[in-house]
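Subject: Structure handover and notes

Hello,

Here is the structure for your files. My notes on it follow below the model.

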Amino acid sequence: MTFALPSAFWLAACAAPIIVFYILKVRLRRQTVSTNLFWKQIFDEKPPRSIWQYLRHLLSLLVQLALLALLVLAIADPYLPWELLAARRMVLVVDRSASMQAKDVDPTRFDAAIDSALKFVDGLRFRDELAIVTAGPEPEVVVGMTSHVPTLKRALRSLHVSDEPANLQRAVELGKQLVGSHPHGEVLVYTDGCDELPLEAKSDSAPPTDPKSEEHTPKISQAIFGTRVNNVGITQLQIRRSLVDPIGYEALISVANAGDEPLDCRLELTLNDVPVDVVPLHLKPNERWQRSLQKTSIDGGTFVATLTQISAGGASAGKDEESAPKANGGVDIAKLDSLAADDTAYAILAPRKPQQVLLVTEGNLFLQKVFEANPLVECKVVKELPKEWPKDAVIVLHREVPASLPPGDV
(Lines give C-alpha, C1' and ligand atoms only; values in the text may rest on other atoms or scores of the structure.)
Protein backbone atom coordinates (compact mmCIF):
# COMPACT_ATOMS: atom_id res chain seq x y z
CA MET A 1 0.00 0.00 0.00
CA THR A 2 1.23 3.49 -0.87
CA PHE A 3 0.23 6.81 0.62
CA ALA A 4 -0.24 10.01 -1.36
CA LEU A 5 0.71 12.19 1.64
CA PRO A 6 2.94 10.24 4.06
CA SER A 7 3.70 13.38 6.08
CA ALA A 8 0.12 13.24 7.38
CA PHE A 9 1.20 10.54 9.86
CA TRP A 10 2.77 13.31 11.95
CA LEU A 11 -0.79 14.12 12.94
CA ALA A 12 -0.82 10.86 14.91
CA ALA A 13 1.06 12.79 17.61
CA CYS A 14 -2.32 14.26 18.54
CA ALA A 15 -2.98 10.97 20.38
CA ALA A 16 -0.66 12.12 23.20
CA PRO A 17 -2.77 15.14 24.25
CA ILE A 18 -5.92 13.02 23.93
CA ILE A 19 -4.53 10.52 26.47
CA VAL A 20 -3.22 13.28 28.72
CA PHE A 21 -6.55 15.06 28.83
CA TYR A 22 -8.25 11.72 29.40
CA ILE A 23 -6.23 10.85 32.53
CA LEU A 24 -6.08 14.32 34.07
CA LYS A 25 -7.53 14.51 37.58
CA VAL A 26 -10.79 16.32 37.67
CA ARG A 27 -10.79 19.22 40.12
CA LEU A 28 -13.57 18.73 42.69
CA ARG A 29 -16.06 21.48 43.15
CA ARG A 30 -16.32 22.99 46.65
CA GLN A 31 -19.76 22.80 48.20
CA THR A 32 -20.82 23.80 51.74
CA VAL A 33 -22.75 21.09 53.61
CA SER A 34 -24.29 20.86 57.07
CA THR A 35 -21.97 18.08 58.25
CA ASN A 36 -18.96 16.12 56.91
CA LEU A 37 -19.65 13.04 58.98
CA PHE A 38 -20.82 10.95 56.06
CA TRP A 39 -18.24 12.32 53.58
CA LYS A 40 -15.41 11.35 55.94
CA GLN A 41 -16.77 7.84 56.21
CA ILE A 42 -16.87 7.46 52.40
CA PHE A 43 -13.35 8.87 52.04
CA ASP A 44 -11.97 6.37 54.59
CA GLU A 45 -13.62 3.39 52.89
CA LYS A 46 -12.41 4.38 49.41
CA PRO A 47 -8.68 3.87 48.80
CA PRO A 48 -6.70 6.43 46.77
CA ARG A 49 -6.68 5.82 43.01
CA SER A 50 -3.53 5.62 40.96
CA ILE A 51 -3.12 7.48 37.68
CA TRP A 52 -3.65 4.26 35.64
CA GLN A 53 -6.97 3.68 37.24
CA TYR A 54 -8.29 6.48 35.09
CA LEU A 55 -7.82 4.19 32.12
CA ARG A 56 -10.40 1.73 33.37
CA HIS A 57 -12.86 2.98 30.71
CA LEU A 58 -10.63 1.88 27.87
CA LEU A 59 -13.50 1.60 25.39
CA SER A 60 -14.19 5.36 25.23
CA LEU A 61 -10.47 6.10 24.92
CA LEU A 62 -10.04 3.56 22.14
CA VAL A 63 -12.98 5.07 20.25
CA GLN A 64 -11.35 8.49 20.36
CA LEU A 65 -8.01 7.11 19.20
CA ALA A 66 -9.73 5.16 16.41
CA LEU A 67 -11.40 8.34 15.15
CA LEU A 68 -8.02 10.07 15.14
CA ALA A 69 -6.49 7.18 13.20
CA LEU A 70 -9.22 7.35 10.58
CA LEU A 71 -8.67 11.10 10.14
CA VAL A 72 -4.93 10.58 9.74
CA LEU A 73 -5.44 7.83 7.18
CA ALA A 74 -7.93 9.95 5.24
CA ILE A 75 -5.40 12.79 4.97
CA ALA A 76 -2.58 10.39 4.09
CA ASP A 77 -4.77 9.05 1.23
CA PRO A 78 -3.71 5.40 0.97
CA TYR A 79 -4.08 3.54 -2.28
CA LEU A 80 -3.03 0.22 -3.76
CA PRO A 81 -0.74 0.01 -6.82
CA TRP A 82 -3.42 -1.62 -8.96
CA GLU A 83 -5.74 1.30 -8.30
CA LEU A 84 -3.19 3.70 -9.74
CA LEU A 85 -2.60 1.48 -12.77
CA ALA A 86 -6.35 1.19 -13.49
CA ALA A 87 -6.98 4.96 -13.26
CA ARG A 88 -8.24 6.65 -16.43
CA ARG A 89 -7.14 9.94 -17.95
CA MET A 90 -9.98 11.41 -20.00
CA VAL A 91 -10.91 14.57 -21.91
CA LEU A 92 -14.54 15.60 -22.41
CA VAL A 93 -15.07 17.59 -25.63
CA VAL A 94 -18.36 19.53 -25.60
CA ASP A 95 -19.72 20.79 -28.92
CA ARG A 96 -21.01 24.36 -28.51
CA SER A 97 -21.82 25.09 -32.16
CA ALA A 98 -25.01 26.81 -33.29
CA SER A 99 -26.68 23.52 -34.24
CA MET A 100 -26.64 22.50 -30.57
CA GLN A 101 -29.46 25.02 -30.03
CA ALA A 102 -31.95 22.76 -31.83
CA LYS A 103 -34.92 21.77 -29.70
CA ASP A 104 -35.58 18.30 -31.06
CA VAL A 105 -34.12 17.12 -27.73
CA ASP A 106 -35.82 18.60 -24.67
CA PRO A 107 -34.98 21.33 -23.80
CA THR A 108 -32.12 21.71 -26.31
CA ARG A 109 -29.34 19.49 -27.59
CA PHE A 110 -26.75 21.48 -25.65
CA ASP A 111 -28.67 21.28 -22.37
CA ALA A 112 -29.15 17.54 -22.81
CA ALA A 113 -25.41 17.14 -23.41
CA ILE A 114 -24.57 19.12 -20.27
CA ASP A 115 -26.99 17.04 -18.16
CA SER A 116 -25.42 13.83 -19.46
CA ALA A 117 -21.93 15.21 -18.76
CA LEU A 118 -22.89 16.02 -15.16
CA LYS A 119 -24.05 12.43 -14.65
CA PHE A 120 -20.82 11.18 -16.18
CA VAL A 121 -18.78 13.29 -13.75
CA ASP A 122 -20.74 11.81 -10.84
CA GLY A 123 -19.74 8.33 -12.02
CA LEU A 124 -15.99 8.94 -12.14
CA ARG A 125 -13.98 6.17 -10.53
CA PHE A 126 -11.33 6.57 -7.85
CA ARG A 127 -8.13 8.18 -9.22
CA ASP A 128 -9.76 9.09 -12.56
CA GLU A 129 -8.77 12.43 -14.06
CA LEU A 130 -10.92 14.48 -16.42
CA ALA A 131 -10.38 17.66 -18.47
CA ILE A 132 -13.10 19.67 -20.25
CA VAL A 133 -12.57 21.15 -23.73
CA THR A 134 -15.14 23.14 -25.71
CA ALA A 135 -15.32 22.77 -29.49
CA GLY A 136 -15.91 26.09 -31.23
CA PRO A 137 -14.11 27.90 -34.06
CA GLU A 138 -11.07 27.48 -31.82
CA PRO A 139 -10.88 24.79 -29.11
CA GLU A 140 -10.63 26.01 -25.54
CA VAL A 141 -9.53 24.19 -22.39
CA VAL A 142 -12.08 25.06 -19.71
CA VAL A 143 -10.64 22.84 -16.95
CA GLY A 144 -7.36 20.98 -16.96
CA MET A 145 -6.84 17.47 -15.68
CA THR A 146 -8.44 17.11 -12.25
CA SER A 147 -10.40 14.61 -10.20
CA HIS A 148 -12.25 17.26 -8.16
CA VAL A 149 -15.90 16.66 -8.99
CA PRO A 150 -17.28 20.05 -7.75
CA THR A 151 -14.80 21.93 -9.97
CA LEU A 152 -15.81 19.88 -13.00
CA LYS A 153 -19.51 20.44 -12.32
CA ARG A 154 -19.07 24.20 -11.94
CA ALA A 155 -17.19 24.31 -15.23
CA LEU A 156 -19.92 22.36 -17.04
CA ARG A 157 -22.70 24.58 -15.68
CA SER A 158 -20.81 27.70 -16.81
CA LEU A 159 -20.71 26.64 -20.48
CA HIS A 160 -22.94 28.36 -23.02
CA VAL A 161 -23.83 27.52 -26.61
CA SER A 162 -22.67 29.91 -29.35
CA ASP A 163 -23.89 30.99 -32.80
CA GLU A 164 -20.66 29.88 -34.48
CA PRO A 165 -19.56 26.64 -36.12
CA ALA A 166 -17.38 24.10 -34.32
CA ASN A 167 -14.12 22.51 -35.38
CA LEU A 168 -14.30 19.06 -33.82
CA GLN A 169 -11.11 17.96 -35.54
CA ARG A 170 -8.96 20.51 -33.70
CA ALA A 171 -10.80 19.93 -30.42
CA VAL A 172 -10.16 16.18 -30.62
CA GLU A 173 -6.49 16.78 -31.44
CA LEU A 174 -6.19 19.05 -28.41
CA GLY A 175 -7.85 16.37 -26.27
CA LYS A 176 -5.36 13.77 -27.48
CA GLN A 177 -2.50 16.07 -26.51
CA LEU A 178 -3.94 16.49 -23.01
CA VAL A 179 -4.30 12.74 -22.59
CA GLY A 180 -0.76 12.11 -23.79
CA SER A 181 0.55 8.55 -23.69
CA HIS A 182 -1.54 7.42 -20.72
CA PRO A 183 -2.36 3.70 -21.02
CA HIS A 184 -6.01 4.35 -20.15
CA GLY A 185 -6.51 7.59 -22.09
CA GLU A 186 -9.86 8.41 -23.66
CA VAL A 187 -11.44 11.38 -25.48
CA LEU A 188 -15.23 11.68 -25.16
CA VAL A 189 -17.02 13.90 -27.71
CA TYR A 190 -20.49 15.18 -26.85
CA THR A 191 -22.00 16.48 -30.11
CA ASP A 192 -25.14 16.40 -32.24
CA GLY A 193 -23.49 14.55 -35.11
CA CYS A 194 -23.73 17.41 -37.63
CA ASP A 195 -19.94 17.30 -38.00
CA GLU A 196 -18.79 13.75 -38.49
CA LEU A 197 -16.01 12.64 -36.19
CA PRO A 198 -12.84 12.33 -38.30
CA LEU A 199 -11.86 8.77 -39.07
CA GLU A 200 -8.21 9.39 -38.31
CA ALA A 201 -9.20 10.19 -34.73
CA LYS A 202 -10.60 6.70 -34.12
CA SER A 203 -8.13 4.24 -32.72
CA ASP A 204 -9.46 1.36 -34.82
CA SER A 205 -9.51 3.19 -38.15
CA ALA A 206 -5.97 2.27 -39.30
CA PRO A 207 -3.72 -0.72 -38.67
CA PRO A 208 -1.07 -0.06 -36.06
CA THR A 209 2.45 0.51 -37.30
CA ASP A 210 4.08 0.25 -33.90
CA PRO A 211 2.43 -2.09 -31.34
CA LYS A 212 3.94 -0.19 -28.41
CA SER A 213 2.70 3.20 -29.61
CA GLU A 214 -0.74 1.75 -30.46
CA GLU A 215 -1.22 0.61 -26.89
CA HIS A 216 -1.05 4.24 -25.73
CA THR A 217 -3.29 5.72 -28.44
CA PRO A 218 -6.25 7.45 -26.76
CA LYS A 219 -9.63 5.92 -27.39
CA ILE A 220 -12.05 8.25 -29.18
CA SER A 221 -15.78 7.88 -28.55
CA GLN A 222 -18.76 10.12 -29.08
CA ALA A 223 -22.26 10.58 -27.70
CA ILE A 224 -24.88 11.92 -30.11
CA PHE A 225 -27.55 14.33 -28.85
CA GLY A 226 -30.05 14.99 -31.59
CA THR A 227 -32.07 13.43 -34.35
CA ARG A 228 -32.64 14.14 -38.02
CA VAL A 229 -35.01 17.12 -38.15
CA ASN A 230 -36.30 19.66 -40.64
CA ASN A 231 -34.81 23.13 -40.76
CA VAL A 232 -34.82 26.23 -42.93
CA GLY A 233 -32.19 28.91 -42.53
CA ILE A 234 -30.07 31.61 -44.11
CA THR A 235 -26.87 29.95 -45.24
CA GLN A 236 -25.14 32.96 -46.84
CA LEU A 237 -25.28 36.75 -46.56
CA GLN A 238 -22.69 38.98 -48.19
CA ILE A 239 -22.95 42.68 -48.93
CA ARG A 240 -20.74 45.09 -50.85
CA ARG A 241 -20.88 48.46 -52.54
CA SER A 242 -21.71 48.54 -56.24
CA LEU A 243 -18.90 49.10 -58.71
CA VAL A 244 -21.24 51.01 -61.07
CA ASP A 245 -23.74 52.90 -58.93
CA PRO A 246 -22.00 55.29 -56.50
CA ILE A 247 -24.76 54.90 -53.89
CA GLY A 248 -25.81 51.37 -54.73
CA TYR A 249 -24.95 48.09 -53.05
CA GLU A 250 -25.41 44.39 -53.72
CA ALA A 251 -26.56 41.75 -51.25
CA LEU A 252 -25.96 38.06 -51.95
CA ILE A 253 -28.40 35.93 -49.96
CA SER A 254 -28.90 32.16 -49.81
CA VAL A 255 -31.74 30.33 -48.06
CA ALA A 256 -31.85 26.55 -47.81
CA ASN A 257 -34.62 24.14 -46.81
CA ALA A 258 -32.81 21.19 -45.22
CA GLY A 259 -36.03 19.36 -44.40
CA ASP A 260 -38.17 16.76 -46.09
CA GLU A 261 -41.26 18.97 -46.20
CA PRO A 262 -42.08 21.89 -48.56
CA LEU A 263 -42.60 25.20 -46.83
CA ASP A 264 -43.44 28.87 -47.40
CA CYS A 265 -41.73 31.78 -45.69
CA ARG A 266 -40.87 35.44 -46.09
CA LEU A 267 -37.40 36.96 -46.30
CA GLU A 268 -37.48 40.42 -44.74
CA LEU A 269 -34.55 42.80 -45.35
CA THR A 270 -33.87 45.90 -43.26
CA LEU A 271 -31.11 48.51 -43.11
CA ASN A 272 -30.79 50.25 -39.74
CA ASP A 273 -34.29 48.97 -38.83
CA VAL A 274 -35.76 50.52 -42.01
CA PRO A 275 -37.51 48.00 -44.30
CA VAL A 276 -35.68 47.47 -47.59
CA ASP A 277 -37.50 44.56 -49.22
CA VAL A 278 -39.75 41.56 -48.52
CA VAL A 279 -39.27 38.44 -50.66
CA PRO A 280 -41.85 35.61 -50.47
CA LEU A 281 -40.28 32.17 -50.81
CA HIS A 282 -41.65 28.73 -51.58
CA LEU A 283 -38.99 26.09 -50.97
CA LYS A 284 -39.24 22.47 -51.94
CA PRO A 285 -37.59 19.74 -49.82
CA ASN A 286 -33.79 20.15 -49.83
CA GLU A 287 -34.06 23.19 -52.13
CA ARG A 288 -31.67 26.14 -52.00
CA TRP A 289 -32.69 29.65 -53.03
CA GLN A 290 -29.99 32.19 -53.92
CA ARG A 291 -30.29 35.73 -55.26
CA SER A 292 -28.17 38.86 -55.67
CA LEU A 293 -30.32 41.88 -54.80
CA GLN A 294 -29.33 45.40 -55.86
CA LYS A 295 -30.37 48.30 -53.64
CA THR A 296 -29.39 51.93 -53.15
CA SER A 297 -28.49 53.84 -50.01
CA ILE A 298 -25.93 56.50 -49.29
CA ASP A 299 -26.03 55.65 -45.60
CA GLY A 300 -24.35 52.57 -44.18
CA GLY A 301 -25.27 50.53 -41.16
CA THR A 302 -26.47 47.11 -40.07
CA PHE A 303 -28.12 45.07 -42.80
CA VAL A 304 -30.40 42.35 -41.38
CA ALA A 305 -32.04 39.44 -43.20
CA THR A 306 -34.78 37.58 -41.31
CA LEU A 307 -37.01 34.61 -42.11
CA THR A 308 -40.57 35.09 -40.88
CA GLN A 309 -44.02 33.49 -41.25
CA ILE A 310 -42.67 29.98 -41.80
CA SER A 311 -45.49 27.60 -42.69
CA ALA A 312 -46.09 24.35 -44.47
CA GLY A 313 -46.09 24.41 -48.27
CA GLY A 314 -49.32 25.79 -49.65
CA ALA A 315 -50.13 27.83 -46.52
CA SER A 316 -51.04 31.48 -46.89
CA ALA A 317 -47.98 33.71 -47.05
CA GLY A 318 -49.84 36.61 -45.55
CA LYS A 319 -50.80 34.85 -42.37
CA ASP A 320 -50.46 36.96 -39.26
CA GLU A 321 -47.66 36.13 -36.85
CA GLU A 322 -50.11 36.39 -33.96
CA SER A 323 -51.95 33.28 -35.05
CA ALA A 324 -51.48 29.86 -33.48
CA PRO A 325 -47.99 28.34 -33.91
CA LYS A 326 -49.28 25.76 -36.40
CA ALA A 327 -49.43 26.10 -40.16
CA ASN A 328 -52.32 24.98 -42.32
CA GLY A 329 -52.92 21.30 -42.13
CA GLY A 330 -51.98 21.14 -38.45
CA VAL A 331 -48.21 20.97 -39.05
CA ASP A 332 -46.22 22.31 -36.13
CA ILE A 333 -43.83 25.07 -37.23
CA ALA A 334 -41.22 23.76 -34.80
CA LYS A 335 -41.11 20.58 -36.90
CA LEU A 336 -40.39 22.66 -40.03
CA ASP A 337 -37.72 24.88 -38.46
CA SER A 338 -35.98 23.22 -35.51
CA LEU A 339 -33.16 25.77 -35.27
CA ALA A 340 -34.02 29.43 -34.85
CA ALA A 341 -30.40 30.64 -34.73
CA ASP A 342 -30.03 30.62 -38.53
CA ASP A 343 -33.28 32.49 -39.20
CA THR A 344 -31.49 35.84 -38.85
CA ALA A 345 -28.26 37.02 -40.47
CA TYR A 346 -26.36 40.29 -40.13
CA ALA A 347 -23.94 42.23 -42.35
CA ILE A 348 -22.30 45.66 -42.16
CA LEU A 349 -22.71 48.11 -45.05
CA ALA A 350 -20.03 50.77 -45.28
CA PRO A 351 -21.42 54.32 -45.64
CA ARG A 352 -20.63 56.61 -48.56
CA LYS A 353 -18.93 59.81 -47.48
CA PRO A 354 -19.81 62.88 -49.61
CA GLN A 355 -16.87 64.68 -51.15
CA GLN A 356 -16.62 68.46 -50.85
CA VAL A 357 -15.69 70.06 -54.17
CA LEU A 358 -14.90 73.74 -54.63
CA LEU A 359 -15.23 74.72 -58.31
CA VAL A 360 -13.36 77.92 -59.12
CA THR A 361 -14.65 79.18 -62.43
CA GLU A 362 -16.02 82.33 -64.01
CA GLY A 363 -18.87 80.32 -65.42
CA ASN A 364 -19.17 76.79 -66.86
CA LEU A 365 -22.67 75.37 -66.53
CA PHE A 366 -21.81 71.99 -68.08
CA LEU A 367 -18.90 71.35 -65.71
CA GLN A 368 -21.03 72.40 -62.76
CA LYS A 369 -23.85 69.99 -63.73
CA VAL A 370 -21.37 67.13 -64.05
CA PHE A 371 -20.40 67.49 -60.39
CA GLU A 372 -24.00 68.06 -59.25
CA ALA A 373 -25.16 64.90 -61.02
CA ASN A 374 -23.01 62.80 -58.70
CA PRO A 375 -24.93 62.28 -55.42
CA LEU A 376 -21.65 61.79 -53.55
CA VAL A 377 -20.36 65.24 -54.48
CA GLU A 378 -21.28 68.47 -52.74
CA CYS A 379 -20.22 71.14 -55.18
CA LYS A 380 -19.76 74.82 -54.42
CA VAL A 381 -19.01 77.33 -57.20
CA VAL A 382 -16.92 80.45 -56.63
CA LYS A 383 -15.26 82.89 -59.00
CA GLU A 384 -12.15 83.66 -56.99
CA LEU A 385 -9.66 81.32 -55.36
CA PRO A 386 -10.19 81.41 -51.55
CA LYS A 387 -7.45 82.75 -49.32
CA GLU A 388 -7.74 79.77 -46.93
CA TRP A 389 -7.67 76.20 -48.19
CA PRO A 390 -11.01 74.47 -47.38
CA LYS A 391 -10.66 71.45 -45.10
CA ASP A 392 -11.31 68.03 -46.71
CA ALA A 393 -12.27 69.69 -49.98
CA VAL A 394 -11.07 69.31 -53.53
CA ILE A 395 -10.48 72.57 -55.45
CA VAL A 396 -11.12 72.48 -59.17
CA LEU A 397 -9.73 75.45 -61.15
CA HIS A 398 -11.38 76.13 -64.47
CA ARG A 399 -8.98 78.85 -65.50
CA GLU A 400 -5.30 79.61 -65.72
CA VAL A 401 -3.48 78.86 -62.53
CA PRO A 402 -2.07 82.00 -60.88
CA ALA A 403 1.67 82.18 -60.61
CA SER A 404 1.39 83.01 -56.89
CA LEU A 405 -0.15 79.61 -56.08
CA PRO A 406 2.41 77.34 -54.36
CA PRO A 407 3.32 74.29 -56.47
CA GLY A 408 1.76 71.00 -55.42
CA ASP A 409 -1.31 72.53 -53.77
CA VAL A 410 -3.67 71.78 -56.65
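Contact here means heavy atoms within 4.5 Å. By that criterion, and leaving aside its neighbours within four places in sequence, D192 is in contact with D95, S99, M100, R109, I224 and F225.

Some conventions before the rest. This is a predicted model, in which local features need pLDDT of at least 70 and side-chain atom pairs count only at pLDDT 80 or more, while totals for chains, interfaces and linings use all residues. Residues are numbered from 1 along each chain as its sequence is written, and side-chain values use heavy atoms, with hydrogens and water left out.

D192

D192 sits in the loop between β6 and α8 (211-215); helices (H or I, at least four residues) and strands (E, at least two) are DSSP runs, numbered from the N terminus. With 7% relative accessibility, D192 counts as buried (buried is under 20% relative accessible area, exposed over 50%, partly exposed in between, with a 1.4 Å probe and protein chains only). Its side chain makes a polar contact of 2.6 Å with that of S99 and another of 3.1 Å with that of R109. A polar contact is a pair of N or O atoms within 3.5 Å; within protein, one must be able to donate a hydrogen and the other to accept it, and residues adjacent in sequence count only if both atoms are side-chain atoms.

Aromatic pairs

There are two aromatic pairs in the structure. Rings of Phe, Tyr and Trp (its six-membered ring) pair if their centres lie within 6.5 Å; planes under 30 degrees apart count as stacked, over 60 as edge-to-face and the rest as tilted. Y190 and F225 form a tilted pair, at 5.3 Å centre to centre and 55 degrees between the planes. Y190 belongs to strand β6 (residues 185-191) and F225 to the loop between β7 (219-224) and β8 (232-241), so this pair ties together parts that are 35 residues apart in sequence. Both count as buried, Y190 at 8% relative accessibility and F225 at 12%.

Y249 and F303 form an edge-to-face pair, with 6.1 Å centre to centre and 75 degrees between the planes. Since Y249 lies in strand β9 (residues 248-257) and F303 in strand β13 (residues 301-312), the pair ties together parts that are 54 residues apart in sequence. Y249 and F303 are buried. The bridge partner of F303 in β14 is A347, and β13 and β14 pair in the antiparallel sense over six bridges (two strands pair if DSSP finds at least two bridges between them). In β14 (residues 344-349), A345, A347 and L349 make up the covered face, and T344, Y346 and I348 the uncovered one.

Five strands form an open sheet in the order β5-β4-β3-β6-β7, with mixed pairing. Its edge strands, each pairing on one side only, are β5 (140-146) and β7. Strands β3 (residues 89-95) and β4 (residues 129-135) run parallel and are joined by seven bridges. In this pairing, V93 stands opposite V133 in β4.

The buried residues of helix α6 are L152, K153, A155 and L156. Seen down the axis of α6, they fall within an arc of 160 degrees, so they line one face of the helix; the arc is that of the directions from the helix axis to the C-beta atoms. These buried residues pack against β3, α5 (109-122), β4 and β5. Exposed residues R154 and R157 are on the face of α6 turned away from its buried side.

Regards
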